[in-house]
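Please read it alongside the sequence and the model.

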Amino acid sequence: AKKYGFNFIYYGKNPRETLKNFKAEIFIEKTLDFINENNISAVIATHDYPAAMIGSIVAKKAGFISPEVEQILLCQHKYYCRQVQKKYFPEAYVESKIVNPFKKGALPFKFPFFIKPVKSFFSIMAAQINNIDEYNEYIEKAKDHINDFCAVLNELIKKYSSFRYDANYLIAEKLLCGKQVTLEAFSYRGNVKIIGIVDSVMYKNKISFKRFDYPSTLKPDVSKKMETIATGFIKRTNFDNGIINIEFFYNPKQDYVKIIEVNPRMCSQFADIMEKVNGVNTYEIQLFISLGIDPEVLFKSSLGLKKYNYSSSFVLRSLKDKKIKRLPSEKQIKAIRSIFPDIRIEIYGSKNKKLSDELNDMNSYRYGIINLGADSRSELHSKYKKCISMLDFEFE
């Protein structure tokens, strides 16, 4: 806002607090009234669900530039997104089957296999299943999750798609192994540009993220292969006028590239780590697109100024649930900012609350992120260690 002189208004509540009783159409109408009353020029949505879909509907009704809601639904419904991959990019397709948790049937695959809801985010309810007991326990948990979580999506699927399967389903997939990365790109008026590829570093034997490194350490030919698949997917699905990120697995031994999932929105956690290396923040790209300005100008003008060779988003995470006794003070955070002015720090949770009270995956508990840039990877990790030593967390 300071850089370009624009005014921003954040509209809407935390979806985790309101999703159970959330009525999409009522919210859309109220938001359109809000837009008319406040002379809004554009709408952007960076949260996965339900913001990406609702933001698109609102933007279109208000006459703003946005991806079509049909394309967003196609990407976010994991089963139908897989069908596009199977038809047009079979080499990147992961064998998968639809599962109805409310109807007993045959096992989708031999154990072990991977399973998740056809719509989720933040790795919620994504799990590897190793035996029948784990499967039965998972199915019961999935029913509770779907009942609370998917009502909004089902409302939108019914009105804006012809899908046979709504969001009350799961998708089972054959296991993958290898290096996980996320490719981010944008399409503006039919022109696709790759922004970059981020390495996703996991905890050992977990599906919880430890950090995200940029740029990727992939070999150029592998990166090029992913870029070709991503560009083709964006064009095949007619996704346009927005940012999209595609998660890939690369297996160096078997030399395959597979699509994990597609998210039809920017990744806000990557915004400034890309800016530190590219000189362009992805919020800037999204803002320009939403205002009808070609983002290419960002990459060609003096607005894009590279600061570092490398950047990472470090995730503060516990593998066990704990009670929060103390969080870093404003004074501590201010002291860190005085040393690293362009650091990004986010702390989650509240004193005397449990880590599990925050939004988390099924395997661990995230309580903060630290984004840093440096001229070498060793310097990056040294900076991170310095920051951690200055932040006073206490758990019980």
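The points below are grouped by topic.

This is a predicted model, in which local features need pLDDT of at least 70, side-chain atom pairs count only at pLDDT 80 or more, and totals for chains, interfaces and linings use all residues. Residues are numbered from 1 along each chain as its sequence is written, and side-chain values use heavy atoms, with hydrogens and water left out. Helices (H or I, at least four residues) and strands (E, at least two) are DSSP runs numbered from the N terminus.

**Sheets**

- An open sheet of eight strands runs in the order S9-S8-S5-S6-S7-S10-S13-S12, with antiparallel pairing; two strands pair if DSSP finds at least two bridges between them.
- Strand S9 (256–263) and strand S12 (344–347) are at the edges with a single partner strand each, so one side of each has no neighbour in the sheet.
- From one strand to the next, the twist in this sheet averages 20 degrees.
- Four bridges pair S12 with strand S13 (residues 365–374) in the antiparallel sense, and Gly368 in S13 is the bridge partner of Ile347.
- An open sheet of four strands has the order S1-S4-S2-S3, again with antiparallel pairing.
- Its edges are S1 and strand S3 (127–129), each with a single partner strand, so one side of each is left without a neighbour in the sheet.
- Here the twist averages 30 degrees from one strand to the next.
- S1 and strand S4 (residues 170–173) run antiparallel and are joined by four bridges; in S4, Ala172 is the bridge partner of Lys97.

**Helix packing**

- Helix H12 (residues 330–339) packs with helix H13 (residues 377–390) at an angle of about 155 degrees, their axes 10 Å apart; axes are lines fitted to C-alpha atoms, for helices over the stretch in contact, and angles run from 0 to 180 degrees between N-to-C directions.
- H12 is therefore roughly antiparallel to H13 (under 35 degrees counts as roughly parallel, over 145 as roughly antiparallel, 65 to 115 as roughly perpendicular and the rest as oblique).
- Helix H4 (residues 69–76) and helix H7 (residues 151–160) pack at about 125 degrees, with axes 11 Å apart, which makes H4 oblique to H7.

**Cavities**

- The whole structure has two cavities of 30 Å³ or more. On a 1 Å grid over the protein atoms alone, a cavity is a set of points where a 1.4 Å probe fits but cannot get out, and a pocket is an open set with protein on both sides within 12 Å along at least five of seven lines; lining residues have an atom within 4 Å of a point.
- The largest cavity holds about 160 Å³ of space, a volume being the space filled by probe spheres set on grid points joined across faces, edges and corners.
- Of the 19 residues that line the largest cavity, Ala45, Ala52, Ser66, Pro67 and Gln286 are the closest to its centre.
- Helix H3 gives the largest share of this lining, four residues.
- The second largest cavity has a volume of about 90 Å³; of its 16 lining residues, Cys75, Gln76, Lys78, Glu261 and Val262 are the closest to the centre.

**Second largest pocket**

- The second largest pocket has a volume of about 400 Å³.
- Of its 18 lining residues, the closest to the centre are Lys103, Lys104, Gly105, Ala106 and Tyr135.
- Strand S1 (96–99) and helix H6 (132–149) each supply at least two lining residues, and H6 gives the most, with six.
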